[in-house]
Amino acid sequence: MKKVIYLLVLCMVLGMAGCGTNQENKEPVSGNVSVETENKENDDVVQNEQIADTGSYPPCVMVDGVIYKDTGYVASMPGCGTMDGEIVSTVAGTELPSENNQSNFGSGYHYQRSSEGQLIVVIDDERIIFRDIEKDDTSIPIEVINFNAKVKEITDDGELLVTHVSTAEGFCQMNDGEYYVSAENLAEDVQVGDIVTIWSNGMIQETYPAQLGVVYRIIKTQ
């Protein structure tokens, strides 16, 4: 059985300046691209709605009097290695945290302030992005790695075989070469030869060709 190794496209630069401050998004495509996730029109009222199936809220944490909600995105942008705090108490998943450094998914996790209205919580060695629950921003956070690639093949099983062109500034550069990418979150139809921008969690399976992990969004740029 082929051994699969997961590689994180992430450079943790200890002691870098700007930890916990705003960062400018550097996308590999020209011009401004607004990328909105689908089916999240009611994110701004999640604090008043529990998930119907389980009666639980999404993972949330309170820091500095603000409740932050798990976005489901993993941060791959390098940052300093100094944590800003630790979650020291917890409540049930059916509740929202009500005091600072408290969550509804457990304690002992460290966090780091990120862009305005965002928090990064380290969970199982992944840097999970949380966003102010009061915000209605559904765009992909700037800390999520994205890169440009050329579509080489469209497979019958719903994958794209792409060739890396360039990685967005601010991230560790991905290796040149070919990658298999799930087309589940493809925003529009593409053809062989098109240039696309791909947002992912930065995980790569060391197969041949390499296989990207979670793909958040693919858009055609050329």
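**Strand architecture of the predicted model**

The protein chain contains 16 strands and zero helices. The model is predicted. Of the 222 residues in the chain, 45% are buried. The chain exposes about 11600 Å², and carbon and sulfur atoms supply 45% of that area. Contacts were also sorted by sequence separation. Among those between residues at least 6 apart in sequence, 64% join residues at least 24 apart.

Eight of the strands form an open sheet. Their order is E4-E7-E8-E9-E3-E2-E6-E5, and the pairing is mixed. Strands E4 (85-86) and E5 (89-90) stand at the edges. Each has a single partner strand, so one side of each is left without a neighbour in the sheet. Strands of a sheet pair through backbone hydrogen bonds, either parallel or antiparallel. E5 pairs with strand E6 (residues 102-103) in the parallel sense, over two bridges. Ser89 stands opposite Gln102 in E6.

Strand E10 (residues 146-154) runs antiparallel to strand E11 (residues 159-167), and seven bridges join the two. Lys150 has Thr163 in E11 as its bridge partner. E10 and E11 form a hairpin with four residues between the strands. In this hairpin, Gly158 takes a positive phi near 80°. E11 also pairs with strand E12 (residues 178-182). This pairing is antiparallel and spans five bridges.

Conventions
Residues numbered from 1 in each chain as written. Predicted model: local features only at pLDDT ≥ 70, side-chain atom pairs only at ≥ 80, totals over all residues. Heavy atoms only, no water. Pairing = 2+ DSSP bridges. Buried < 20%, exposed > 50% of the residue type's maximum accessible area, 1.4 Å probe, protein only. Contact = heavy atoms within 4.5 Å. Areas by Shrake-Rupley, 256 points an atom, 1.4 Å probe, with all protein chains shown as cover.
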